[in-house]
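This report considers side-chain contacts in one protein chain. It takes up charged pairs, aromatic rings and model confidence in turn.

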Amino acid sequence: MSSLEQQVIQFNTTYNVESSSIPRLPTEDEANRIYHLINEELQETNEELDAMDLSKLAKELTDILYVTAQQMAVLGLPIDALLREVQRSNMSKLGEDGKPIYRDDGKVLKGSNYIPANIEKVLKEASNEHL
């Protein structure tokens, strides 16, 4: 099975969407496109939350993930490596007792052992791979 990164690169290649080979910031036009594409998917997700249709909600949540990843590929961001680093960081949020700490609304909070994601390191490694 292909990774999310491989899938969106295949999409971009098939549909002639230029992807960067190294991490970079978006142009103003790209930034506007990213904002509008993700916002459109968020609005569609909100509609399906109101409709309470699981199949359509699953589709819209997947679209948010896919469109976001597809735009990350445009910017040359190493999707799989970034996901691994954020996962590593997220798993360090446990409290001193090794148990999750929750906010009243259910959000997981950072425990004292939390180690922030080292995004800069991941981006630097991705840039160095293409030198």
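## Side-chain contacts in a predicted model

Glu 30 has a relative accessible area of 13% and is therefore buried. The structure is a predicted model. The partner of Glu 30 in a salt bridge is Arg 24, and their closest N and O atoms are 2.7 Å apart. Arg 24, by contrast, is partly exposed, at 31% relative accessibility.

### Salt bridges

The structure has 5 salt bridges in total. In general terms, side chains of opposite charge can pair when their charged atoms come close.

| Salt bridge | N to O distance | Relative accessibility |
|---|---|---|
| Lys 59 and Asp 63 | 2.4 Å | Lys 59: 46%; Asp 63: 17% |
| Lys 121 and Glu 125 | 4.0 Å | Lys 121: 48%; Glu 125: 40% |

Lys 59 and Asp 63 belong to helix α3, where they are 4 residues apart, so about one helical turn separates them. Their side chains meet at 2.4 Å, N to O. Within this pair, Lys 59 is partly exposed, whereas Asp 63 is buried at 17% relative accessibility.

Helix α5 (residues 119-129) holds Lys 121 and Glu 125, again 4 residues apart and about one turn of the helix from each other. The closest N and O atoms of this salt bridge are 4.0 Å apart. Lys 121 counts as partly exposed, and Glu 125 is likewise partly exposed.

### Aromatic contacts

A search of the whole structure gives 2 aromatic pairs. In one of them, Phe 11 and Tyr 15 have ring centres 4.7 Å apart and planes at 35°, a tilted arrangement. The other joins Phe 11 to Tyr 66: the centres lie 5.8 Å apart and the planes stand at 85°, so this pair is edge-to-face. The reason is the cut-off for that class, which is over 60 degrees between the planes.

Which parts of the chain does the pair of Phe 11 and Tyr 66 tie together? Phe 11 is in helix α1 (residues 4-14) and Tyr 66 is in helix α3 (residues 54-74), so the contact links parts that are 55 residues apart in sequence.

Phe 11, Tyr 15 and Tyr 66 together make up one aromatic cluster. Their accessibilities are as follows: Phe 11 is partly exposed at 29%, Tyr 15 is exposed at 54%, and Tyr 66 is partly exposed at 26%.

A further contact involves a charge and a ring. Lys 110 lies over the face of Tyr 114, at 5.2 Å from the ring centre.

### Confidence

The mean pLDDT of the protein chain is 92, and 98% of its residues reach 70 or more. Among the elements of the chain, helix α4 (residues 79-90) has the highest mean pLDDT, at 95. The lowest mean, 90, belongs to α5, the helix that contains Lys 121 and Glu 125.

Terms used
Residues are numbered from 1 along each chain as its sequence is written. This is a predicted model: local features need pLDDT of at least 70, side-chain atom pairs count only at pLDDT 80 or more; totals for chains, interfaces and linings use all residues. Side-chain values use heavy atoms; hydrogens and water are left out. Rings of Phe, Tyr and Trp (its six-membered ring) pair if their centres lie within 6.5 Å; planes under 30 degrees apart count as stacked, over 60 as edge-to-face and the rest as tilted. Buried means under 20% relative accessible area, exposed over 50%, partly exposed in between (1.4 Å probe, protein chains only). Helices (H or I, at least four residues) and strands (E, at least two) are DSSP runs, numbered from the N terminus. A charge sits over a ring if NZ of Lys or CZ of Arg is within 6 Å of the ring centre and within 35 degrees of the ring normal. pLDDT is the predictor's confidence in each residue, from 0 to 100.
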